[in-house]
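Dear colleague,

Please find below the structure that I am handing over to you. My notes on it follow directly after.

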Amino acid sequence: MRRSYHFISIAVGLFGLFIALSANGLAASPGGTGQKKGKSQCISCHEKVSAGIVSQFLAGKMGKALDCSDCHGSEHTSEADVAKAKLPTPETCGRCHAGRVQQYREGKHALAWAAMKAMPMLNHQPPGVGGGGLKGCSACHKIGEKAASELTRYGSGACDSCHTRHSFSVKEARDPRACRTCHMGFDHPQWEMWQTSKHGTIWELEPTSGRAPTCQTCHMHDGNHGVMTAWGFLALRMPEDDKAWLEDRITILKAIGVLDEKGNPTERFDAVKGAKVARLDKESFDRERNKMIHTCSSCHSRSYAETNLKAGDDIIRETDRIFADSIRTVKALYDDGILKKPADWKYAPDLLQFYEAKTAAEQELYLIFLEYRQRAFQGAFHANPDYMHWYGWAKVKEAATRIKEDAENLRREKNK
Ligand code: HEC
Ligand code: HEC
Ligand code: HEC
Ligand code: HEC
Ligand code: HEC
Ligand code: HEC
Ligand code: HEC
Ligand code: HEC
């Protein structure tokens, strides 16, 4: 008796809902066919609840064809059931933009969440600083795709990183300023470098002439959403023909814990491979390099482009000399028992502990690793001599001197 009563009330309820949806023209667009008539119930209510979202959405291209329910589902219909509103992921956008989602997944942005999570130093941070809360690392790395088990109520959208909700404007995404919220600051100041280079300066003077390349010209050629560079963030490719450089690189890879003492790959090597942190064969490096030279060549001669990129490679080699030397200095302190491996560290020195480093010398090493070396080579590639030299190279040298001095002091104290 009770059951059938429920059945009837549900049937009546559904019928009423169907009428309501039909009246709003929603039933005509199940799953978003891009056919839209009149005002949906979502929009009618949200005009009062969140007017900014509605007007921005309706002013964009998707506002002409879609309803809120195309991305948020239709289960939430009132103030009482807000938790039923779904929040979209790249999968949601992929229903209609499969090609763009596929490109994104082939590039580095999709891996940003995994790369962040792979950092051992994250375990030492309160959740709000590291992986949660969207205030620290996660606020930028949410451009990556999360596994189903990692989805959080907010910050899983990813695709709204450059064409932000709810305008989803292509014009905004094509503007280099769309990249600067993340590509700035301490360890990757590409915005500052580009902005004050000749390229950025010409763009600022004539933003519509197309005379100067933007971030998108060089990194999203033809609108390709699969961003990837030859060297990547850490500038550690494999294999390497230059013998001395290879030796320095191995020293660096050991300090990152990717190779063990004997030079064999560790479990971290698999993480590096999985997150495409480095190009691990010559072909994938050359492919990205050739794409870039092709892009430069639309405005410069091929030889000019090649010469400039080669000069950037040389800067990596020279900074690696000093960096590897500094690592050896610190490593010797561990080997000689002057420093002791922290109990909860697997490797020492461990560059992936970032600022968790326990000694002054290792703090300097961290600065070379994430700030100075980065600025030196990133400045070279982004045609910014000041970043390359004064913020980069000069700082690498200063830090190397301090590391030597600190190591000598530690040894002297130990031998007292
Ligand atoms: C009768 C009014 C009403 C209707 C109809 C309505 N909403 Fe809402 N919605 C709300 C209110 C109220 C909130 C909470 C707003 C707040 O927290 O400031 C909300 C919140 C949301 C949120 C945010 C959820 C969150 O966790 O932050 C989304 C997304 C949303 N609505 C989408 C929709 C969609 C899609 C529809 C149509 C299928 C819809 N709404 C219909 C009133 C409504
Ligand atoms: C094309 C897909 C799409 C459509 C259509 C869409 N949204 Fe959203 N919405 C998003 C994305 C993406 C997010 C961010 C999700 C996240 O942070 O994880 C979002 C988040 C929200 C939020 C919570 C975050 C905030 O900024 O307050 C509300 C509320 C919301 N949408 C309301 C609406 C309403 C109302 C409509 C219709 C006028 C609408 N959305 C249409 C994609 C969409
Ligand atoms: C139900 C299908 C559908 C879904 C789901 C969808 N879109 Fe769209 N999208 C469209 C349609 C239709 C257009 C308009 C195409 C046109 O007019 O050229 C569009 C256009 C766009 C544009 C171009 C806007 C412009 O200014 O030219 C962007 C950017 C975009 N969508 C991003 C997204 C993102 C991000 C998501 C997921 C959060 C998403 N879309 C989900 C159907 C969809
Ligand atoms: C301001 C935004 C921002 C913050 C905050 C941020 N990152 Fe990043 N991160 C980036 C960008 C942008 C890149 C790519 C830079 C490049 O390639 O030059 C990146 C690169 C990385 C990489 C290298 C990935 C690879 O495949 O090469 C790792 C690992 C990483 N970040 C971890 C972290 C961790 C852990 C934190 C917090 C302690 C953090 N990031 C905080 C924006 C940010
Ligand atoms: C790094 C910034 C960035 C991210 C992240 C991003 N886009 Fe885009 N998007 C762009 C740029 C730039 C354009 C303009 C491309 C061009 O010049 O044609 C664009 C254009 C679009 C368009 C317009 C129509 C078209 O195909 O050119 C759609 C649709 C779109 N993106 C969907 C997505 C989806 C889906 C995602 C998530 C997988 C996403 N975007 C993530 C930067 C981004
Ligand atoms: C004139 C072309 C050009 C422009 C414009 C440009 N870049 Fe680059 N970018 C490069 C080159 C070249 C590299 C190094 C490529 C390699 O590894 O061979 C690079 C590398 C990168 C990297 C990987 C780490 C690094 O810095 O070496 C990121 C991230 C990046 N650029 C982001 C940006 C952003 C964001 C902008 C805009 C603020 C921008 N770039 C503007 C050419 C450009
Ligand atoms: C929401 C933050 C965010 C925005 C906005 C953003 N990026 Fe990124 N970008 C990242 C992070 C984080 C990474 C590192 C991902 C990884 O390597 O795992 C990255 C990586 C990259 C790389 C790959 C470097 C490599 O390792 O080869 C390039 C190139 C790049 N971004 C270009 C751009 C451009 C161009 C734009 C603007 C159109 C842009 N990004 C907008 C956060 C962002
Ligand atoms: C859309 C056109 C365009 C593209 C693409 C482009 N450039 Fe340029 N570049 C210019 C213009 C214009 C200037 C200023 C005139 C000049 O010095 O040739 C310039 C200047 C330079 C300069 C001189 C900077 C200075 O301070 O004197 C270097 C170096 C350079 N570009 C390297 C590159 C490299 C490397 C690439 C590819 C990664 C590239 N450019 C891609 C247009 C472009």
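Does Gly-337 count as buried or exposed? With 8 C-beta neighbours inside 10 Å, Gly-337 counts as exposed; a residue is buried if 20 or more other C-beta atoms lie within 10 Å of its own, exposed if 12 or fewer, and partly exposed in between, with C-beta atoms placed from the backbone. Gly-337 sits in the loop between α17 and α18. From Gly-337 to Arg-411 the C-alpha to C-alpha distance is 9.9 Å, although 74 residues separate them in sequence.

Two notes on conventions are needed. The model is predicted: local features need pLDDT of at least 70, side-chain atom pairs count only at pLDDT 80 or more, and totals for chains, interfaces and linings use all residues. Residues are numbered from 1 along each chain as its sequence is written, while chains are lettered from A and ligands numbered from 1 in the order in which they are written.

Overall architecture

The chain has 19 helices and zero strands; helices (H or I, at least four residues) and strands (E, at least two) are DSSP runs, numbered from the N terminus. Its C-alpha atoms fill a box of roughly 90 × 60 × 35 Å along the principal axes. Of the 416 residues, 30% count as buried. Domain bounds, which come from an automatic or database domain assignment, are 39-74 for domain 1, 95-159 for domain 2 and 243-415 for domain 3. The centres of domain 1 and domain 2, taken over C-alpha atoms, are separated by 26 Å.

The largest nonpolar core

A nonpolar core is a set of buried Ala, Val, Leu, Ile, Met, Phe, Trp, Tyr and Cys residues joined through C-beta atoms within 7 Å. The largest one holds 62 residues, of which Ile-252, Leu-365, Ile-368, Ala-376 and Val-396 touch the most other members. Helices that each supply at least two residues of this core include α7 (98-106), α14 (243-255), α17 (302-335) and α19 (385-415), and α18 gives the most, with eleven residues. The core lies between domain 2 and domain 3, because both give residues to it. Leaving aside residues up to four places away in sequence, Ala-376 touches Ile-315, Thr-319, Met-388, Gly-392, Trp-393 and Val-396; contact here requires C-beta atoms, placed from the backbone, within 7 Å.

The ligand surroundings

A residue is near a ligand if its C-beta atom, placed from the backbone, lies within 6 Å of it. Around ligand 1 there are 15 residues, the closest being Cys-42, Cys-45, Cys-68, His-72 and Ala-85. Helix α2 (41-49) gives the most to this shell, with five residues. Around ligand 7 there are 25 residues, and Ala-115, Cys-179, Cys-182, Thr-229 and Gly-232 come nearest. The largest share of the ligand 7 shell, three residues, comes from α13. Helices α8 (112-117), α9 (137-141) and α13 (215-219) each supply at least two residues of that shell.

Helix α12

Which residues of helix α12 (residues 198-205) are buried? They are His-199, Gly-200 and Trp-203. These residues cover an arc of only 95° around the axis, which puts them on the same side of α12; the arc is that of the directions from the helix axis to the C-beta atoms. The face turned away from the buried side of α12 carries the exposed residues Lys-198, Glu-204 and Leu-205. Helix α11 is included in what covers the buried residues of α12.

With kind regards

Notes: Contact = placed C-beta atoms within 7 Å.
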